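Dear colleague,

Here is the structure I said I would pass on to you. Please look it over before reading my notes, which follow below it.

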Amino acid sequence: MRIFRTIQLAVKSLLLHKLRSALTMLGIVFGVFSVIAMLAIGEGASRKAQDQVLELGAKNIIVKSVKPSQQKSTASSSGSFMLRYGLLRDDLRLLSPDQIPHVTNAIPIREVDQALRNRHREMEGKLIGCSPEYQETNNLKMSRGRFLSHHDLFQMQPVCVIAAEVAETLFPGEDPLHKSFQVGTDFYEVVGIAKPRGATAAIGGSLAGRSYNKDVYIPLRTMQVRLGDDNIQRGQGSFSAESVQLHQITIQVDDEKNVLPTAEVIKETLLRNHKDESDWDIVVPMELLEQAKQIQVIFNLVLGSIAAISLVVGGIGIMNIMLATVTERTREIGVRRALGARQRDITEQFLTETVVLAGIGGIVGVILGMLTPLAFEGIQLMIGFFSPSTGSADQAFDNLFTGLVPIVKTWTLGLAFGISVGIGIVFGVYPARAAARLDPIEALRHE
Amino acid sequence: MSDYAAQVIGLHKHYYLGEVVVHALQGVDIDFPYGDFVAIMGSSGSGKSTLLNLLGALDRSTGGQYILGGYDVSTMDDNALSDIRNKMIGFIFQSYNLIAQYTVLENIEVPLHYRPGRPPIENSDRDRCAYLANLVGLEGRTDHRPFQLSGGQQQRVAIARALVNDPQIILADEPTGNLDSKTEEEIMAILEDLNAQGRTIIMVTHENSVAKRAKRQIYMKDGVVAGHGFFPG
């Protein structure tokens, strides 16, 4: 009851100089807002990174072929222009469920860049040889038709599933289902169309960013029979030839807790099979997830600290104004002391004013902070409006922004508000003590 | 309980201004019986302001005793002095000293906030404030803020505020110094009424017309009491 009365009187004093109080508060408002916004953006960025990792599958281990560096390759393939490297079908056998415990599936993939053509329409696409399990491990969603079946795989059927962009480019205004089109020199029948899918950004240097929208999926065995292992690319004045059996093997593990030990086994197996050739690499999404979480902690700390500094600046602003107020109200302090106020009463009065100022600023800041996702959306719209990026070069940048949704966690609201009140106390104590220590006689004489 | 509302015995006050010692009071003895109405007069530098500060428990003497309502105030610490000021002394200042952001009623309430033990303000307390506002002739203006009032009205608020804790003595420091003669008359009439009701009033003034209204006058000079009674000129 008494505290309520004290606050009421504090508000009354603050209302005496409305503009001054409002401006002082603004420092805290922006401080609290930036703490919440920074943490929300940090949280959003982390969520996005984690989602990207999870898209690879937390239970998956990905083994990829890596093209050896130029120097090494010329040495090893002296005389032959065909560069042989990467994962072997033999590796797939060694990594299969019956060879390594806890492995439930080992899904091979081979990728070849090919020209796609439907009559006069042409585009560059990526031909992906895979097995039916690919759909599940890569979270591929179908918009029409079906994915590749085991029957397709074992019978080496000339069928394919195409990505959304391929369907739009090669079959505009047409239904591509059950139609055939040319890939390189061969023809394939479309049995399914995949839903559009956001590109993944590069993760920690282990995985390059990848757009899924120019993919054409065919059975791996069909690819092996029709294209063989060799891939010869002729460009303007350049010529490259390489022989790769498999580009990637995705290994599924039965439980998340077995992922890391199994990854070790896989590493050792491949090291033995490939001797000292560094033509493969292993990506463990679980590991990346852990890294992402660790980075997130540092990221949050840095962002939060920067925002906290602005809160401290706001606090200094409050202290400055309160010191001026004490000087201005010296006479009032003298009167109160003459009427029986103890030093403690004066301290309490001015401290309450500071805390109320900071507290109201904190509440306004929290309300603004809760609107962070909306504000962020507005900024994204504005960026989209002023720099309409259609080129694919900007796509990665674009993606970075569009995929990010700030997430405001409830505890950050409490934290930011708590800090604002804390700042009110810390920066209020000095002016309040200064006020209380004034000599009553001097204070009464003050003009 | 002493026979006097207030009593000063051999009061000394020295100020140290660097190397120089200023002897503001050099042994002042005054008795203030209950129901007294004293005007303390004297030129500036005579020590009357210092005496008023000591009587108001705003400061402690260097030597001697100040007995207020039976308590020896000269030995009390800062907190106890605050309580004494709140309970036993009603202040009326030359420049009214109202709190600008408060209404008339809230200004009268201020001493209630600082009562020893800090009891909450009850409805009966509020009624008393309203009664005092009426008593000094402020009915209908209790919601006004100080800047909406004339000087005389502001001084009435200050008088009501001085009365709210029913003090032992009322200290008035040039209560009419900022007022015109007509308003001066009104304020002095109120003080005379209060004195007639038995209140002890100690007033500092340098105006004979005001000092004349008191029951007795004390002249200060060079830190001592130079004379009693009314000395014209």
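This is a predicted model: local features need pLDDT of at least 70, side-chain atom pairs count only at pLDDT 80 or more; totals for chains, interfaces and linings use all residues.

Chain A has an average pLDDT of 83, and 88% of its residues score at least 70. Among the elements of that chain, the mean pLDDT is lowest, at 49, in helix α3 (residues 70-76) of chain A, whereas α11(A) has the highest, at 94.

Turning to the packing within chain A, helix α1 (residues 2-15) of chain A meets helix α12 (residues 343-370) of chain A at an angle of about 75 degrees, and their axes are 9 Å apart. Because angles of 65 to 115 degrees count as roughly perpendicular, α1(A) and α12(A) are described as roughly perpendicular to each other. On the α1(A) side the contact is made by A:Thr6, A:Ile7, A:Ala10, A:Val11, A:Ser13 and A:Leu14, and on the α12(A) side by A:Glu348, A:Thr352, A:Glu353, A:Val356 and A:Leu357. By class, the residues of this contact comprise six nonpolar, three polar and two charged.

As for the contact between the chains, 18 residues of chain A touch 20 residues of chain B. On the side of chain A that touches chain B, α1, α11 (330-338), α12 and α16 (440-445) of chain A each supply at least two residues, and α11(A) gives the most, with five residues. That side of chain A has eight nonpolar, three polar and seven charged residues.

In chain B there is an open sheet of four strands, in the order β2-β1-β4-β5 and with antiparallel pairing. Strands β2 (20-33) and β5 (71-72) of chain B stand at the edges, each with a single partner strand, so that one side of each has no neighbour in the sheet. Strand β1 (residues 4-17) of chain B pairs with β2(B) in the antiparallel sense over 11 bridges, and B:Lys13 has B:Leu25 in β2(B) as its bridge partner.

Helix α1 (residues 48-55) of chain B is mostly covered, with seven of its eight residues buried; these are B:Lys48, B:Thr50, B:Leu51, B:Leu52, B:Asn53, B:Leu54 and B:Leu55. Just after α1(B), B:Ala57 adopts a positive phi of about 60 degrees.

With best regards

How values were computed
Residues are numbered from 1 along each chain as its sequence is written. Chains are lettered from A and ligands numbered from 1 in the order in which they are written. Axes are lines fitted to C-alpha atoms, for helices over the stretch in contact, and angles run from 0 to 180 degrees between N-to-C directions. Angles under 35 degrees count as roughly parallel, over 145 as roughly antiparallel, 65 to 115 as roughly perpendicular and the rest as oblique. Two residues are in contact if their C-beta atoms, placed from the backbone, lie within 7 Å. Ala, Val, Leu, Ile, Met, Phe, Trp, Tyr, Cys and Pro count as nonpolar, Asp, Glu, Lys and Arg as charged, and the others, Gly among them, as polar. A residue is buried if 20 or more other C-beta atoms lie within 10 Å of its own, exposed if 12 or fewer, and partly exposed in between; C-beta atoms are placed from the backbone. pLDDT is the predictor's confidence in each residue, from 0 to 100. Two strands pair if DSSP finds at least two bridges between them.
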